[in-house]
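Open the model in a viewer and keep the selection tool at hand.

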Amino acid sequence: MDFSSLIVHHLADAPLARWGAFVYTKHMFMMIFAAALSIGIFVPAARGRGAVARGLRSMAEALVEFLWKDIVEPAMGPSGWRFMPYFLTLFVFILLMNLLGLVPFGASATGNISVTASLSLLTFFLIHFSGIREHGFFHHFGNLIPHGVPWVLAPAVFVLEFVGYLTKTLALCIRLFANMTAGHLVILLFLGLILLFGQGSVAAGLAVSPVLVGLTLGLYLLELIVALVQAYVFTMLTAIFVGGALHPEH
């Protein structure tokens with residue numbers, strides 16, 4: 001078996017259908033499936049009625065409270081409540097895309113740098129859109145220059161601060177892509193070692209397989225935590241950056 005083709009098959013995007021110049025790919029399907037899954041969970045939960053939350057509604061309310069208390073309110077204050085629909089959508093969408101890469105025949109769309117770059121660009125635009133809406137166009141970009149900076153240095157400081165926003169969003173893109181790709185790659189390497197030993201000697205392959213399968217299962221459980229942590233980190237950093245645009249004095 002060609003191990004390089006095995007890695008490409010599991011990690012790289014692949015076309016599923018083609019209509020003229022438009023190509024429908026595996027990662028596009030996983031993104032749509034993640035979006036449909038989140039709608040299937042939260043729309044019925046939002047329709048729940050009654051004083052006591054049960055089932056999906058109970059889970060949805062617990063998640064909203066967790067995001068509000070742990071991420072949005074500390075980063076943005078009370079004004080962050082109006083951004084809660086975006087942060088809830090962002091967290092659930094990233095988490096489901098991460099987890100779908102761990103199910104059989106699934107793929108992690110967040111292992112595609114085009115997907116993480118698009119999510120990071122949304123963060124970049126949200127930072128400046130919220131800042132302009134809160135302070136006005138000139139005041140928002142004027143906030144990039146700290147008070148007390150000599151006017152001769154102001155243009156250079158402005159450029160440095162603006163580039164700083166670009167690098168922050170680039171770091172978001174690379175962090176999510178690298179973490180989701182690295183875990184899957186190591187799992188495939190462990191399983192590939194069984195094939196490698198087996199090609200040399202069937203007995204050697206059988207001998208090392210219990211150890212490597214055990215390591216793979218341990219790493220697989222770790223990947224579940226990584227999927228949750230990466231969704232949390234991306235959402236938290238986005239909230240902090242947007243909060244900085246809303247409250248530049250802090």
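**Stop 1: helix α2**

Select Lys26, His27, Met30, Ala34, Ser38, Phe42 and Ala45, the buried residues of α2 (buried: under 20% relative accessible area; exposed: over 50%; partly exposed: in between; 1.4 Å probe, protein chains only). Because they cover an arc of only 120° around the axis, they sit on the same side of α2; the arc is that of the directions from the helix axis to the C-beta atoms. Helices are DSSP runs (H or I, at least four residues), numbered from the N terminus.

This is a predicted model: local features need pLDDT of at least 70, side-chain atom pairs count only at pLDDT 80 or more, and totals for chains, interfaces and linings use all residues. Residues are numbered from 1 along each chain as its sequence is written, and side-chain values use heavy atoms, with hydrogens and water left out.

**Stop 2: aromatic rings**

The whole structure holds 13 aromatic pairs (rings of Phe, Tyr and Trp, the last by its six-membered ring, with centres within 6.5 Å; planes under 30 degrees apart are stacked, over 60 edge-to-face, the rest tilted). Select tryptophan 19 and tyrosine 24: a tilted pair, 6.2 Å centre to centre, with 55° between the planes. Tryptophan 19 is exposed at 55%; tyrosine 24 is buried at 19%.

Next, take phenylalanine 141 and phenylalanine 162, tilted at 6.4 Å and 45°. Phenylalanine 141 lies in α6 (residues 137–142) and phenylalanine 162 in α7 (residues 154–200), so the pair ties together parts 21 residues apart in sequence.

**Stop 3: helix α8**

Finish on valine 229 in α8 (residues 202–246), partly exposed at 38% relative accessibility.

Conventions: Helices (H or I, at least four residues) and strands (E, at least two) are DSSP runs, numbered from the N terminus.
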